[in-house]
Amino acid sequence: MAAIIKQTIEITCSEPDCNNTFRWNPNFTSIRPKRCKVCENRIKLEKQQKYAKRYQEKRQVKIAEQRKQEAGTGGRGAETINNNYPKIKRQKKQIRVKPTIHNVQINNSQPKVRKQGRKWFDLPTNELVIYVQQKIVNPYIRKRDKAVYGNNCISCTTGKVEEAGHFYSVGSTPEMRLMPENIHGQCHHCNALLGSNQKGYNRGLIVRHGQKYIHNLHKLHAHSQKANTKLLRNEIIEIANTYKFLTKEKIWVFTSEQFNQYLNDVERASA
């Protein structure tokens with residue numbers, strides 16, 4: 001610290017009203033100051049105030065000139081209304097008249113061609129499965145459980161049916177994603193936040209359908225894992241048409257055996 005203090009120089013402020021002294025450390029980049037920091041800040045503030053005052057005066061002069069000009073042309077700053085000021089009339093839109101032959105209009109314009117989107121059964125197989133699941137199967141499950149079980153969630157029995165939840169997830173067993181016994185109506189809290197709430201789901205299936213129903217569901221799961229077969233495109237379309245028929249006729253099924261009976265009838269009718 002002593003070495004640093006010896007290098008500094010003591011300077012007195014050059015302002016007449018200020019006799020403050022301060023220390024300055026000389027180096028190659030800095031210039032010897034004449035004033036202390038207090039005086040420098042005061043002088044900067046005075047300059048800023050002077051520039052602001054000058055700007056306000058110029059602005060007021062411009063505003064006064066604009067108002068004089070507007071007063072002469074009958075603008076918003078006019079003190080008197082100029083009656084001779086010409087009014088601008090709106091030009092009417094010109095209506096295009098189509099050419100006629102014997103008082104019959106000729107339409108030269110080409111007819112608009114509407115772009116027809118792809119139908120659901122023309123989608124690629126990966127997109128087709130998702131579409132059938134979300135747009136056809138899930139709405140049927142929600143309507144079924146609302147009609148039969150009074151809009152109550154199968155897992156918690158207090159929430160309302162808002163989504164269609166799988167007992168065995170789609171990722172683990174994609175073969176069972178469209179089976180009616182694997183899908184039931186759930187609330188958003190149980191399905192999304194609690195991961196389908198397996199304990200409550202299991203309890204709800206026993207209350208509604210009995211122990212044998214769950215036993216058969218576990219058998220289907222074991223069989224599908226051994227077989228490891230994917231749903232074919234034709235099978236997905238047939239399942240979708242069957243669900244559409246069941247939704248239209250308001251027929252509620254809870255097992256694959258019941259569903260397959262209607263699936264065969266729909267196949268025969270379409271053939």
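This is a predicted model: local features need pLDDT of at least 70, side-chain atom pairs count only at pLDDT 80 or more; totals for chains, interfaces and linings use all residues.
Residues are numbered from 1 along each chain as its sequence is written, and side-chain values use heavy atoms, with hydrogens and water left out.

**View A. The largest pocket and its lining.** The volume is about 410 Å³. A pocket here is an open set of points on a 1 Å grid over the protein atoms alone, where a 1.4 Å probe fits, with protein on both sides within 12 Å along at least five of seven lines; lining residues have an atom within 4 Å of a point. Points are joined across faces, edges and corners, and the volume is the space filled by probe spheres set on them. Of the 19 lining residues, Glu175, Met179, Leu231, Glu235 and Ile239 lie nearest the centre. Helices α6 (211-227), α7 (233-249) and α8 (256-270) each contribute at least two lining residues; helices are DSSP runs (H or I, at least four residues) numbered from the N terminus. The lining comprises nine nonpolar, six polar and four charged residues. Nonpolar covers Ala, Val, Leu, Ile, Met, Phe, Trp, Tyr, Cys and Pro, charged covers Asp, Glu, Lys and Arg, and the others, Gly among them, are polar.

**View B. The second largest pocket.** This pocket holds about 230 Å³ of space. Helix α3 (residues 125-149) gives the most to its lining, with four residues. Lining residues include Thr125, Asn126, Pro174, Glu175, Arg177 and Lys230. By class, the lining has five nonpolar, three polar and three charged residues.

**View C. The largest nonpolar core.** A nonpolar core is a set of buried Ala, Val, Leu, Ile, Met, Phe, Trp, Tyr and Cys residues joined through side-chain atoms within 4.5 Å; buried means under 20% relative accessible area (1.4 Å probe, protein chains only). This core has 19 residues, and those with the most contacts inside it are Leu128, Val132, Val137, Tyr140, Ile141, Tyr243 and Phe259. Both α3 and α7 supply at least two of its residues, and α3 gives the most, with seven. Another core, of 11 residues, lies apart from it and includes Phe167, Tyr213, Ile214 and Phe254.

View D. Beyond neighbours within four places in sequence, Ser224 is in contact (heavy atoms within 4.5 Å) with Thr173, Glu175, Met176 and Thr229.

How values were computed. Buried means under 20% relative accessible area, exposed over 50%, partly exposed in between (1.4 Å probe, protein chains only).
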